[in-house]
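This report covers the pocket, the salt bridges and a surface patch of one structure. The sequence and the model are shown next.

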Amino acid sequence: MIETAQTAEAHRTNGRIYLDKQSPAAYQALVKTADAVRATAAEAGLDRILVELVNLRVSQLNGCAFCLDVHTRAALRAGETARRLGVLAAWRDTELFTGRERAALSLAEATTHPADALAQERAYVQAGEVLADDEISAVIWTAITINAFNRVSILSKHPVRDR
């Protein structure tokens with residue numbers, strides 16, 4: 001089917017293609033992956049707050065305003081506090097986060113920046129001290145998935161609208 005210029009323009013914003021609208025089947029596959037990862041995290045016993053902290057920290061590292069907006073609201077709905085969200089970017093410099101959360105955040109950062117082999121090794125060691133293998137896997141899958149959504153939103157320039 002040949003797309004009209006008007007239909008094509010509906011898939012754009014600020015000169016960028018909305019990747020989710022332009023290629024809906026690929027986007028829906030990513031959504032299904034996120035659903036499977038969410039179920040994996042729940043089965044591993046990761047609470048919703050920890051999962052949202054991982055989503056937020058990765059989105060901070062990637063500078064994804066859209067995902068930061070979505071996951072800040074999700075974290076607050078799950079019971080996270082504004083105080084902890086406010087210092088999340090400096091989680092290493094506060095005692096507000098548990099050992100499990102620290103291990104998950106370190107692993108999420110190592111997943112987001114995989115070229116830093118030393119940080120990856122430290123993160124795995126730290127995670128292995130407080131997280132079971134299924135929890136480590138779930139944290140890594142969560143970080144991989146939010147990294148993918150960050151790229152979709154950043155490259156599409158998904159807007160953060162006033163609600």
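## Largest pocket

In this predicted model, the largest pocket holds about 380 Å³ of space. Its lining consists of 21 residues. Nearest the centre of the pocket lie Ala34, Arg38, His71, Ile146 and Phe149.

Four helices, α3 (24-44), α4 (48-62), α5 and α9, each contribute at least two residues to the lining of the largest pocket. By residue class, this lining comprises 11 nonpolar, 6 polar and 4 charged residues.

## Salt bridges

Side chains of opposite charge can pair when their charged atoms come close. The structure has 9 salt bridges. One of the salt bridges joins arginine 84 to glutamate 101, with 2.8 Å between the closest N and O atoms. Arginine 84 belongs to helix α6 (residues 82-87) and glutamate 101 to helix α7 (residues 99-112), so this pair ties together parts that are 17 residues apart in sequence. Both partners are buried: arginine 84 has a relative accessibility of 12%, and glutamate 101 has 8%.

Arginine 73 is partly exposed, at 28% relative accessibility.

Lysine 21 and aspartate 20 also form a salt bridge through their side chains, with an N to O distance of 3.9 Å. The cut-off for a salt bridge is 4 Å, so a pair at 3.9 Å is within it. Is aspartate 20 buried or exposed? Aspartate 20 is buried, with a relative accessible area of 12%, whereas lysine 21 is partly exposed at 45%.

## Nonpolar surface patch

Ile17, Leu19, Ile154 and Leu155 make up a nonpolar patch on the surface. Together, these four residues have about 290 Å² of accessible area.

One of them, isoleucine 154, is located in helix α9 (residues 133-156). Helix α9 is also among the helices that supply at least two residues to the lining of the largest pocket. Isoleucine 154 has a relative accessible area of 32% and is therefore partly exposed. Patch residues need over 30% relative accessible area, so isoleucine 154, at 32%, passes that cut-off.

Terms used
Residues numbered from 1 in each chain as written. Predicted model: local features only at pLDDT ≥ 70, side-chain atom pairs only at ≥ 80, totals over all residues. Heavy atoms only, no water. Patch = residues over 30% accessible without salt bridge, like charges linked within 9 Å, V, L, I, M, F, W, Y side chains within 5 Å. Areas by Shrake-Rupley, 256 points an atom, 1.4 Å probe, with all protein chains shown as cover. Buried < 20%, exposed > 50% of the residue type's maximum accessible area, 1.4 Å probe, protein only. 1 Å grid on protein atoms, 1.4 Å probe; cavity = no way out; pocket = protein on both sides within 12 Å on 5 of 7 lines; lining within 4 Å. Points joined across faces, edges and corners; volume = space filled by probe spheres on them. Nonpolar A, V, L, I, M, F, W, Y, C, P; charged D, E, K, R; others polar.
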